[in-house]
Amino acid sequence: MSELLILNGRVVDPAQGTDEACDVLVRDGRVAAIEPPGRFTGLSNSLPNELQMDAAGCVVAPGLIDIHVHLREPGQTHKETIATGTAAAAAGGFTTVVAMPNTTPVNDSVAGLEWMLAPERQSQVNLLAMPAATLGSMGREITDYAALVEAGAVGFTDDGKPVLEDEVMRAALLAAARLGVPVSQHAEDTRMTGGCSMNAGRVAFRLGLRGMPVEAESRIVERDLRLLREIERESRARPHLHVQHVSTARALAAIREAKAQGLHVTCEAAPHHFTLTEDAVGDYSAGEYCTNAKMNPPLRAEADRLAVVEALLDGTIDCIATDHAPHASHEKEVEFERAPNGITGLETALGLALRVLHREHGMALGRVIALMSAQPAGVIGLKQRGSLRVGSYADVVVFDAGVEWKYRAVASRSKSRNTPFDGAEMVGRVRATIGRGAILRQ
Amino acid sequence: MAHAALAEGDRVVSPYAVGSLLSVEQLSVADVAEILAMTGRLERMDADERARVLKGRTVALLFYESSTRTRTSFELAAKSLGATTTLVSDKSSSIEKGESLKDTGLTLRALGAECIVLRHAASGAPSLLARATGLPVLNAGDGMHQHPSQALLDLRTMLARLEIRGSTSQVSSSRPGAPSVVADIHAGTLAGVTVVIAGDILHSRVARSNAMLLPRLGAKVVLCGPEELLPEDALGLDTGEGPAIEIERDFDAALRRADVAMMLRIQRERLAGAALDLEEYVARYQLNGERLAACAPSALVMHPGPMIRGMEITDEVADGPQSAIEEQVTHGLAVRRALLVRALGVQA
């Protein structure tokens with residue numbers, strides 16, 4: 001029997017509606033009891049110090065869950081490995097991450113999935129994966145969903161690329177619906193974004209860069225919602241569409257409407273989309289054509305950023321997901337149009353969410369935590385995670401919610417440093433991350 | 001806006017070496033005045049004296065895109081100042097083997113280059129090179145972004161031909177027999193002057209540089225072209241200093257207001273599949289003798305080259321008395337001398 005006491009903290013567990021001073025007893029990797037302060041004094045006197053954590057002044061919350069990360073293994077281990085990426089996750093307070101399939105080779109088979117999830121990869125946190133929605137993520141033929149779900153898949157996606165063809169997307173939604181998992185769509189009409197490297201608009205025009213119009217995102221979202229409606233009408237299936245990294249007011253309006261109509265659609269937002277705008281690409285002080293401000297979907301205009309914030313506040317957006325996308329410095333230190341898309345995000349997500357959503361936009365702390373724990377758990381149907389309910393896995397993050405600090409990319413646990421947030425203000429600092437009762441980081 | 005950030009002064013530290021010219025946004029009006037004053041001084045200098053100004057200095061010309069005017073004028077400018085030049089092009093170097101821009105720049109620096117003149121198809125490439133090498137970099141045209149030396153030579157051409165007078169810096173007209181013009185460069189130097197930039201604005205770095213520079217000297221810039229080549233986003237070029245940039249779709253209406261008509265080539269190589277009815281384009285936007293006589297009989301006609309005669313401009317206009325196209329080239333040589341001297345930190 002192994003025990004751990006987390007004492008004197010403020011327990012915030014949105015799934016149970018808890019927000020009060022409590023002590024938490026962890027036993028054998030699960031939450032054994034949550035009691036008012038002082039109840040565990042007897043036990044505290046008998047447990048060795050290293051099995052007691054003083055969380056005074058800190059928030060004790062469910063471990064964070066990120067359903068959208070790129071860990072680059074297999075095949076791109078110069079950018080990241082499962083071990084380094086998940087170490088960054090633990091540093092950022094995450095206890096569960098979902099790996100995207102755009103590795104080399106693409107994770108589109110049971111063998112590939114099993115290899116990725118094997119203990120030999122040395123994941124530092126609970127590792128899950130969404131395999132490819134189509135073979136090779138080529139958008140033509142769907143993978144073996146039943147076998148992949150059996151092997152642990154929590155959803156399907158061709159992330160980085162959309163599933164463009166109506167019939168293929170329809171088949172994917174139907175097959176996933178039968179298994180009760182989502183199809184997670186990278187919503188980009190690539191017929192409208194050829195040669196584009198940032199958001200379309202005045203900044204792109206000034207910089208002489210071709211821009212991706214907001215319609216490239218909203219058209220795919222609208223198409224997918226149409227498919228959901230058709231499938232629900234024509235069959236008894238109730239497919240679950242999850243829209244990744246929504247970045248535009250237009251796509252959010254379509255999702256809001258679809259939710260009101262009762263369709264099974266969920267979506268996520270990335271911290272950079274509620275924190276930064278396209279101006280970060282042409283920021284003179286950071287050096288213009290900042291490739292660390294290049295990702296897909298791109299940073300948008302201020303009105304779109306505010307629409308993302310609003311949709312997080314009103315519940316249209318179900319969860320925060322980082323789209324952690326490490327790239328080596330030599331890959332990013334090239335001409336803007338040639339640079340790969342993506343930024344790291346696991347270590348800055350909580351600090352940005354608390355700064356922008358909690359402090360600047362008044363979102364309750366419990367809502368921020370829910371968007372990063374209980375709600376992403378709900379999107380992928382995770383049981384016994386995302387809450388500190390007694391009997392759940394003891395995945396816990398302990399953080400000082402009031403502290404202000406500056407992120408330093410050089411101190412990252414990730415193998416890569418491609419972040420636009422080097423030196424940026426963060427609010428709230430992780431003091432400890434606990435996964436199934438084991439201290440991952442303190 | 002970059003220059004706004006610069007104007008705030010001490011807090012923003014430029015990541016680029018002094019003397020770099022990546023975008024007209026980096027130039028204050030005082031910088032422009034100084035560059036044109038130096039241009040005049042170098043032009044008036046006798047050739048032997050001029051050949052000592054950059055003696056012993058090394059300038060690398062790094063060209064990833066074809067060029068006639070810009071490359072030759074930078075090269076001749078450097079040579080006339082006594083500098084050693086070396087030309088590296090993407091077709092005959094390790095760039096073909098996949099060497100990055102950063103490594104190419106570091107190699108040139110290790111070989112003694114003190115300044116790099118860069119032409120590149122990717123917007124923003126000069127910023128990358130300047131950051132990577134720490135050397136002064138002169139942007140000789142990057143993608144669809146900027147061509148700052150072109151805007152400066154266009155400005156000098158206008159000052160000469162419009163005979164704008166002032167007091168501090170000498171600009172001599174290359175028109176035989178024309179009086180030498182003295183222009184005082186300040187925020188009102190081009191007040192009352194309307195410059196129409198017509199054609200393929202979308203793909204044009206020349207249009208961007210001119211539209212971001214000329215209004216800061218008081219000029220009214222009117223952009224003219226069809227929606228496909230001139231989206232509303234072009235108003236993003238407005239720096240907020242000087243008269244606001246306008247879009248006018250009707251070329252004849254724009255020409256009737258023009259003191260200067262700057263014509264641009266349709267950049268077929270950058271059209272990227274966009275459909276454009278060329279016959280209709282010619283009908284609506286070609287500057288031909290008839291249109292010029294009817295709408296702008298005294299306007300100055302400019303073109304950064306290369307021209308596609310019979311497309312955006314006709315022979316009788318390009319070779320006619322209102323044309324300053326060859327003078328632009330000559331002013332290019334003069335202005336680029338000053339930019340090289342400035343980049344290498346020499347007093348002249």
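Begin by selecting A:Ala111 and A:Glu114, which are exposed residues on the face of α3(A) turned away from its buried side; as you look at them, bear in mind that this is a predicted model.

Next, select the whole of helix α3, residues 110-117 of chain A, and colour A:Gly112, A:Leu113 and A:Met116, which are buried. If you turn the view to look down the axis of α3(A), these buried residues fall within an arc of 95°, so they line one face of the helix. An α-helix has 3.6 residues a turn, so residues three or four places apart point the same way.

Now move to chain B, whose secondary structure comes to 13 helices and eleven strands, and in which 51% of the 348 residues count as buried. Among the contacts in chain B with a separation of 6 or more, 74% are between residues 24 or more positions apart.

Finally, show both chains together, where 26 residues of chain B are in contact with 20 residues of chain A. On the side of chain B that touches chain A, select α1 (2-7), α5 (101-110), α6 (125-133) and α8 (205-213), each of which supplies at least two residues, while the largest share, four residues, comes from α6(B). Coloured by class, this side of chain B shows 14 nonpolar, seven polar and five charged residues.

Terms used: Residues numbered from 1 in each chain as written. Chains lettered and ligands numbered in written order. Predicted model: local features only at pLDDT ≥ 70, side-chain atom pairs only at ≥ 80, totals over all residues. Buried ≥ 20, exposed ≤ 12 C-beta atoms within 10 Å, placed from the backbone. Arc of directions from axis to C-beta. Contact = placed C-beta atoms within 7 Å. Nonpolar A, V, L, I, M, F, W, Y, C, P; charged D, E, K, R; others polar.
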